[in-house]
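Colleague: I have a set of questions about this protein. Shall we take them one by one?

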Amino acid sequence: MNEVKMDKKDEIVSISREVVFGKIFNSFNYGNLGMFVGAGFSKAVIGDEFHSALSWFELIKTTSQSLDIEFPSDDKLIGVSLPELATSLCKSLAVNKSIDYNKAKSLFKNEICKLTNWLPTQEQTNRFREIMVILNPSWIITTNYDLVLETLLTGKCKSLGPNNYLSAQKNIVPIYHFHGTRLDPDSIIVTQEDYIPLFRPNEYRQSKLAMTIRESTTLILGYGLGDMNVLSAVDWSKNIYTKDNEYPHEIIQVVRTSLPKEEAYKDENGNLIIEINDLETFLNELIIFIVKEQQKYDSKLKILNKLIGGFEAGKEQWIQRFIDDKALRLKILTVLSEFEHHMISSYIQFFTLCINKIWEKTSNNGAFHVYDKYLNILLDIIVNYDYKKMPPRLFQIIAQSLDRVLYYVDRSPTTRTVGNSWAASESWHDRKNTIPKDMINELYEYARQNLLIGLSRLSKELI
């Protein structure tokens with residue numbers, strides 16, 4: 001089945017859920033999976049209990065009823081944003097109680113803090129805690145005032161208000177209450193003037209939100225991307241840099257609807273949208289996928305550890321296989337690109353043992369074919385290993401080794417100098433143009449600065 005397909009009628013690119021889950025797992029495995037959580041998440045976790053969680057609109061309406069403020073009729077709410085509505089209600093409260101606006105706003109926020117004291121049952125906590133512990137996000141940013149997330153991640157999280165920095169110690173998930181927390185009424189952002197400071201130049205919350213989204217895969221749960229400051233941060237995050245990421249990066253929004261589409265798609269802003277009809281079902285489906293992918297990854301690591309064990313032991317059979325089997329050498333490079341940080345040190349040590357062993361054999365009388373083998377092993381690496389990703393130590397060893405063998409290579413493909421390796425000369429001239437340009441440039445500059453004459457003269461011809 002195709003992973004991505006075009007719906008000709010609607011001109012929407014459909015993306016399979018498996019592909020979306022794969023993107024989430026890649027970020028989970030990389031360590032930069034974050035969550036942006038809205039009121040819909042709290043509603044799903046609390047469930048249909050007697051004291052259920054409220055949406056932002058429901059919360060503002062219930063707060064006005066608790067304070068005996070007349071709530072506008074539906075026709076008067078058309079085109080009115082929720083911050084505008086909250087501002088209007090605070091003004092009405094000030095008139096009703098004959099107090100100034102700031103005092104009325106303080107009463108309004110205090111009432112919000114009282115009303116948001118909802119917490120999940122033990123059963124709900126256990127079910128969602130298991131999900132959250134497996135997902136183990138690097139960070140959570142929430143517009144919720146409640147402490148539902150802290151309940152689910154008791155002992156594994158740090159609750160932060162909007163005046164704190166988004167930082168936490170190792171193995172602790174920071175939960176950043178972007179719009180304030182019910183524990184601090186003054187931190188609550190609900191009226192228009194509460195939002196204005198968020199748009200100041202260099203305002204920490206706005207800058208941090210944009211940067212954090214830019215540097216992560218952000219899974220948006222229970223939130224409709226309705227706030228202007230959040231929309232602004234998302235837009236800003238997409239325009240900070242234009243070059244490709246070297247890390248997993250997506251904005252994936254989970255949207256609840258009664259008739260969800262089977263496949264995901266991208267909206268007009270380039271965000272990945274996946275529709276669901278039940279948040280818990282979706283999260284369970286996601287963690288099943290993550291657990292399976294983690295098992296596959298762990299299996300690869302076991303194989304890798306055996307490979308590393310062979311490297312570190314320096315076993316003769318491994319060294320000989322590496323020398324004789326080009327397919328094995330290329331396969332190891334492929335594994336190295338996927339697990340670079342796990343195996344690069346062991347690989348460099350093993351690689352050094354191998355080429356030193358080959359070079360020892362060049363001292364045998366008439367062993368000109370050994371120079372060719374030595375050269376081809378080096379060329380396999382510089383042709384197939386991106387210079388920008390190559391560790392400096394490996395580059396240094398390869399450059400010095402190339403200089404050593406190129407001393408026995410003729411500058412012209414038609415020359416056959418006595419004492420040189422004709423086989424190595426033929427291999428060099430056959431393969432030299434397959435070396436990437438940036439690699440050639442770096443080899444030449446390094447050779448020139450370090451007086452590697454053989455490498456310098458032959459690489460210069462390719463500049």
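Modeller: First, a term: buried means under 20% relative accessible area, exposed means over 50%, and partly exposed lies in between. Bear in mind that this is a predicted model.

Colleague: Is Arg-393 buried, exposed or partly exposed?
Modeller: Arg-393 sits in helix α16. Its relative accessible area is 45%. Buried needs under 20% and exposed needs over 50%. Therefore Arg-393 is partly exposed.

Colleague: How far apart in space are Arg-393 and Trp-359, C-alpha to C-alpha?
Modeller: In sequence, Arg-393 and Trp-359 are 34 residues apart. In space, their C-alpha to C-alpha distance is 19 Å.

Colleague: Now the overall form. How many helices and strands does the protein have?
Modeller: The protein has 463 residues, and 49% of them are buried. Its secondary structure comes to 19 helices and 10 strands.

Colleague: Is the protein spread out or compact, and what is its radius of gyration?
Modeller: The C-alpha atoms fill a box of roughly 105 × 50 × 45 Å along the principal axes. For 463 residues the globule rule gives 23 Å, and the protein is well over that, so it is more spread out than a compact globule. The radius of gyration is 31 Å.

Colleague: Which share of the contacts joins residues at least 24 apart?
Modeller: Take the contacts between residues at least 6 apart in sequence. Of these, the share that joins residues at least 24 apart is 67%.

Colleague: What part of the accessible surface belongs to carbon and sulfur atoms?
Modeller: The accessible surface of the protein comes to about 24,300 Å². The part that belongs to carbon and sulfur atoms is 50%.

Colleague: On to charges. Which residue is the nearest side chain of opposite charge to Asp-403?
Modeller: Asp-403 is in helix α16, residues 392–406. Asp-403 is buried yet has no salt bridge. A salt bridge needs a nitrogen and an oxygen within 4 Å, whereas the nearest side chain of opposite charge is 7.3 Å away. That residue is Arg-457.

Colleague: Which helices do the buried residues of α19 pack against?
Modeller: Helix α19 covers residues 453–460. Its buried residues are Gly-454, Leu-455, Ser-456, Leu-458 and Ser-459. They pack against α16, α17 and α18.

Colleague: How many salt bridges does the count come to?
Modeller: Side chains of opposite charge can pair when their charged atoms come close. One network of salt bridges links Lys-105, Lys-109, Glu-193 and Asp-194. The count comes to 16 salt bridges.

Colleague: With which residue does Glu-285 form a salt bridge?
Modeller: The closest N and O atoms of the pair are 3.7 Å apart. Glu-285 lies in helix α11 and its partner in helix α1, 268 residues apart, so the pair links distant parts of the chain.
Modeller: Glu-58 and Lys-43 form a salt bridge, with the closest N and O atoms 3.3 Å apart. Glu-58 is in helix α3 and Lys-43 in helix α2. Glu-58 is partly exposed at 32%, and Lys-43 is partly exposed at 33%. The parts they tie together are 15 residues apart.

Colleague: Are Arg-431 and Asp-380 buried or exposed?
Modeller: Their side chains meet in a salt bridge, N to O at 2.9 Å. The pair links distant parts of the chain, with Arg-431 in helix α17 and Asp-380 in helix α15, 51 residues apart. Arg-431 and Asp-380 are buried.

Colleague: Last, the backbone. What is the phi of Asp-68?
Modeller: Most residues other than glycine have a negative phi. Asp-68 is in the loop between α3 and α4, and it is exposed at 66%. Asp-68 is not a glycine, yet its phi is positive, about 55°.

Colleague: In which loop does Leu-451 lie?
Modeller: Leu-451 also has a positive phi of about 55° and is not a glycine. Its relative accessible area is 68%, so it is exposed. Leu-451 lies in the loop between α18 and α19.

How values were computed. Residues numbered from 1 in each chain as written. Predicted model: local features only at pLDDT ≥ 70, side-chain atom pairs only at ≥ 80, totals over all residues. Heavy atoms only, no water. Helix = DSSP H or I, 4+ residues; strand = E, 2+ residues; numbered from the N terminus. Buried < 20%, exposed > 50% of the residue type's maximum accessible area, 1.4 Å probe, protein only. Lys, Arg positive; Asp, Glu negative; His and termini not counted. Contact = heavy atoms within 4.5 Å. Rg over C-alpha atoms; globule rule 2.2 N^0.38 Å. Areas by Shrake-Rupley, 256 points an atom, 1.4 Å probe, with all protein chains shown as cover.
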